[in-house]
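Here are a few friendly notes to read alongside the model. Please keep the structure open while you go through them.

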Amino acid sequence: DKGLQGVYLIGQDYSFGQAVLREARRQLAAQRPDVKVLGEELHPVGRVKDFAPYAVKIQASGAQAVVTGNWGNDLTLLVKAAREVGYAGTFYTFYGNALGAPAALGDAGVGKVVAVADWLPNVPTKESEAFYRSFRQRFPSP
């Protein structure tokens, strides 16, 4: 998103959540030094039942997007709380497309949650190659 100017980093306080925040900072600095990190937070895994205080901080930061490695209820409750406080930004997630996540997110995720995913073709077919070429036309390598 070339119009992106500020992001908020939030994640579960364990190895993966910490790694997502660390890598987000590193890659933003390398690839988009114009994007400011406007807030950063780690929270306990699976113990937060009310994400409204986090959503209020995100909204107040002015961030246009949130980067998170959250999954399960932590992702669902965060996105729903953000909607409740009127946050209009995008969530860049790793698990927004995980089994059950789209249904759990419901309308709160429509047009707001983007899933970042790896794609490693292990069966070279014409269809796979066509998909890859189409993707690279739309998203050239950095």
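**Notes on aromatic pairs and strands**

1. Searching the whole structure, which is a predicted model, turns up five aromatic pairs. One of them joins phenylalanine 16 and tyrosine 95 in an edge-to-face arrangement, with 5.8 Å from centre to centre and 65 degrees between the planes. This pair links distant parts of the chain, 79 residues apart: phenylalanine 16 sits in helix H1 (residues 15–31), and tyrosine 95 in the loop between strand E4 (90–93) and helix H4 (101–105).

2. Now have a look at phenylalanine 135 and phenylalanine 139. Their ring centres are 5.0 Å apart and their planes meet at 40 degrees, so this pair is tilted. Phenylalanine 135 has 36% relative accessibility and counts as partly exposed; for phenylalanine 139 the value is 36%, again partly exposed.

3. E3 pairs with strand E1 (residues 6–12) in the parallel sense over four bridges, where threonine 68 is the bridge partner of isoleucine 10.

4. E3 and E4 also run parallel, joined by four bridges; here valine 66 has phenylalanine 91 as its bridge partner. With helix H3 (residues 72–84), E3 and E4 make a right-handed β-α-β unit.

Note on methods. Residues numbered from 1 in each chain as written. Predicted model: local features only at pLDDT ≥ 70, side-chain atom pairs only at ≥ 80, totals over all residues. Heavy atoms only, no water. Phe/Tyr/Trp six-rings, centres within 6.5 Å; stacked < 30°, edge-to-face > 60°. Helix = DSSP H or I, 4+ residues; strand = E, 2+ residues; numbered from the N terminus. Buried < 20%, exposed > 50% of the residue type's maximum accessible area, 1.4 Å probe, protein only. Pairing = 2+ DSSP bridges. Right-handed = clockwise from strand over helix to strand, strands pointing away.
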